[in-house]
Amino acid sequence: MTNRGTTSRRQRSIIQRMLAAQILLTVVVSLLAGGLKGMAWGYSALLGGLVYLLPALYQAKQVLSHNHSNNIRAILRELYKSEIWKMALTMVLFGLVFTLVKPIEPFPLFGVFIVLQLSAWLAPIVQNQKLYRN
Amino acid sequence: MEAALLYLAGALVMGLGATGAAIGIGILGGKFLEGGARQPELIPMLRTQFFIVMGLVDAIPMIGVGIGMYIMFVVAAA
């Protein structure tokens with residue numbers, strides 16, 4: 001029997017581990033890019049990672065912290081609200097990066113951003129068995 | 001003229017990507033409501049899966065937003 005309407009500890013840990021792996025990936029790629037191609041590549045890669053991670057962390061916090069027992073409409077409303085804020089936050093962060101940071105290297109910036117998005121695509125495949133256990 | 005076309009391109013990249021995501025997330029929300037109404041005991045699992053799949057659906061428009069803003073703020077401004 002599950003605790004209805006709350007996020008179970010196992011599912012919470014799946015999301016937390018996914019985010020931790022993405023943070024680690026950002027740091028490693030930024031250090032590698034900075035070491036191999038210079039400072040601008042390093043901070044561009046780091047900024048690409050942050051533009052992905054900050055909204056994702058905000059959304060995960062919103063989704064994991066709210067408990068609406070088994071009111072599915074309230075859960076859906078909360079999920080949609082967090083998604084809208086995630087998109088808005090991403091746009092603001094991209095705007096800030098493109099206006100305030102000069103020079104910016106597009107390849108590492110979008111490279112890390114896209115790799116992190118793709119890593120989120122792979123997570124359900126890797127975690128498939130764990131997702132369906134409750 | 002060239003700058004105007006670049007702004008148009010950026011807007012199209014963002015707008016068309018967002019349209020696709022809006023349809024996808026709308027369908028996802030509908031299925032979530034259906035699933036939760038049929039089997040309320042699965043709501044916690046559905047909620048986690050919804051969160052993860054929402055991340056997959058919004059990946060392409062997010063990338064589109066980044067590239068569109070790059071076109072508008074950096075390429076068109078240069």
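**Chain A and its interface with chain B**

Across the interface of chain B and chain A, two residue pairs are in polar contact, both at pLDDT 80 or more (N or O atoms within 3.5 Å; within protein, one must be able to donate a hydrogen and the other to accept it, and residues adjacent in sequence count only if both atoms are side-chain atoms). This is a predicted model, in which local features need pLDDT of at least 70, side-chain atom pairs count only at pLDDT 80 or more, and totals for chains, interfaces and linings use all residues. Residues are numbered from 1 along each chain as its sequence is written, chains are lettered from A and ligands numbered from 1 in the order in which they are written, and side-chain values use heavy atoms, with hydrogens and water left out.

**Interface**
- The rule finds one salt bridge across the interface of chain B and chain A, a side-chain nitrogen of Lys or Arg lying within 4 Å of a carboxyl oxygen of Asp or Glu.
- B:Asp58 forms a salt bridge with A:Lys86, and their closest N and O atoms are 3.3 Å apart.
- With contact taken as heavy atoms within 4.5 Å, 41 residues of chain A and 35 residues of chain B take part.

**Chain A**
- Chain A has five helices and zero strands, helices being DSSP runs of H or I with at least four residues and strands runs of E with at least two, numbered from the N terminus.
- Of the 134 residues in chain A, 42% are buried, that is, under 20% relative accessible area with a 1.4 Å probe, counting protein chains only.
- Among contacts in chain A between residues at least 6 apart in sequence, 75% join residues at least 24 apart.

Conventions. Buried < 20%, exposed > 50% of the residue type's maximum accessible area, 1.4 Å probe, protein only.
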